[in-house]
Amino acid sequence: MRALHTSDWHLGHTLKEVNREYEHRAFLQWLLATLQSEQPDLLLISGDVFDTATPSATAEQMWFGFLAAARRQHPVMDIVVIAGNHDSPSRLAAPAPVLRELNVSIVATVPRGADLQPQWQQLIVPVCGGRALVAAVPFLRAHDLAHFTEEELASGQRDVAMAYRRVKTAVRAVRQPTQPLFVMGHLYAAGGVTDSKSERPIAVGGQDSAPPSMFPKEASYVALGHLHRGQKVYAEHVRYAGAPIPLAIEEANYHHHVVAIDVDDATLLASIRQLPIPRAVDIIRIPKRGWGSVESVLAAITALKDEVAGAAEALQPPPFVEVCVELDAPEPKLRAKIEAALVGKAVRLIHIDRRNAGTGETLQATANLRSLEQLTPIDVFEQLWRRNYGSEPSPEIRAAFAALHAEAAAATVLAVDEAAPEATPVPKKVAP
Ligand SMILES: [Mn+2]
């Protein structure tokens, strides 16, 4: 049997206030075409369907529109969805009874019985007419984990590992040895690589570093969500599908994909392929790597393609651009200069990152520090400039500082004279 695994769609996402609807629609269209060519029996969506707990009508329309189209195209395919940490469990699960009629199972929370005990066995979803099982574990919230006894907790098992152990036990009670088992989870598995700020940290009950041993050995495939970089953890068959579009500038170089899983009927072993998702809208970084001077980034912007007026641009939104500037002197008009250079260019500015060229070391580390009395204000000013910008202040800047300092010193003299005519002598040096 064949399954496709995807996660972290974050419908309704905005990147620096620019909405991503065009990219999401392009992805969903691609996914429908891929379902057509791959003909999977099962589609697994491992959480963070939506970017926020209260998604916009447009985001919900994309979601339900996709489910309807998928159902129309593949009447026998099962879709299993778990809630992620960004989703509102109650909101995601609200249409579950209707979706159930369309072979779509939404598991957003751990159901409770009449005795208020968690019903772990209800996380097990039979799929493909009972041929296979999916243990669909949503992102576990504090209240899902609050039931463990003191004794269990004292055993040193972390809460989330304990919850997965319950799921394992529930699976073993119902699974036939010939049934392929898929496990879904939305958590941070220890060893996973993350370098993005868009993966909101989760630290409930050890969910921030799940150990590999907690997934059942008999799983043919473990379909994880939460990390936006698609990757395997621990083993070939334990994977994050990753997000389908870059959700932060740091994710621009990720290889976005969905995972195709073919489970051998006899061995129950999975063979895995990554199906690359085409990038609908590019993210351009200026410069490509590292940092550029003001002059070099302005030149690079000038060299960008000009906007073409007409209908085409409305259909294909221009790329996002991030500009990374290293300053060897203060540049108060940086944003204005960059924005002026961007006028008429076929890009959308999303971020200007700036850093100073200097070492940023403290004066104590950089200065051959003589005693404080030996340092003049201009010494301190120059050293500060050097450590910030890695350059020397120009004669004009030095003169401006000297003038400002003289003015400040005169004002101090005046103030002291007025306040206390017979005060102690005015200090010669003014602290900067
Ligand atoms: Mn996510």
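Me: Contact means heavy atoms within 4.5 Å. With that in mind, which residues of H7 meet H9?

Reply: This is a predicted model. In H7, Val294, Leu298 and Ile301 make the contact. Their partners in H9 are Leu334, Lys337, Ile338, Ala341 and Leu342.

Me: What makes H7 roughly parallel to H9?

Reply: The axes of H7 (residues 294-302) and H9 (residues 334-342) cross at roughly 20°. Angles under 35 degrees count as roughly parallel. So H7 is roughly parallel to H9. The two axes come within 9 Å.

Me: Is the crossing of H7 and H9 left-handed or right-handed?

Reply: H7 passes H9 in a right-handed crossing.

Me: What makes Asp8, His10, Asp48 and His228 donors of the manganese ion?

Reply: Their donor atoms lie 2.1 to 2.5 Å from the ion. The cut-off for this metal is within 2.8 Å, so atoms at such distances count as donors. Asp8 and Asp48 each give OD, while His10 and His228 each give NE2. In sequence, the spacing is D-x1-H-x37-D-x179-H.

Me: Why are Asp8 and His10 called buried?

Reply: Buried means under 20% relative accessible area. Asp8 has 0%, so Asp8 counts as buried. His10 has 1%, so His10 is buried too.

Me: Why does Lys16 count as partly exposed?

Reply: Its relative accessibility is 46%. Buried means under 20% and exposed over 50%, with partly exposed in between. Lys16 therefore counts as partly exposed. Its place is in the loop between strand S2 (14-15) and strand S3 (18-19). Phi of Lys16 is near 45°, a positive value in a residue other than glycine.

Me: How do you know whether His226 is buried or exposed?

Reply: His226 has 4% relative accessibility, so His226 counts as buried. The cut-off for buried is under 20%. His226 lies in the loop between strand S10 (221-225) and strand S11 (231-233). Phi of His226 is near 130°, a positive value in a residue other than glycine.

Key: Residues numbered from 1 in each chain as written. Predicted model: local features only at pLDDT ≥ 70, side-chain atom pairs only at ≥ 80, totals over all residues. Heavy atoms only, no water. Axes fitted to C-alpha atoms, helices over the stretch in contact; angles between N-to-C directions. Helix = DSSP H or I, 4+ residues; strand = E, 2+ residues; numbered from the N terminus. Parallel < 35°, antiparallel > 145°, perpendicular 65-115°, else oblique. Left-handed = near helix turned anticlockwise from the far one by under 90°. Donors = N, O, S within 2.8 Å, 3.2 Å for Na, K, Ca; no water. Buried < 20%, exposed > 50% of the residue type's maximum accessible area, 1.4 Å probe, protein only.
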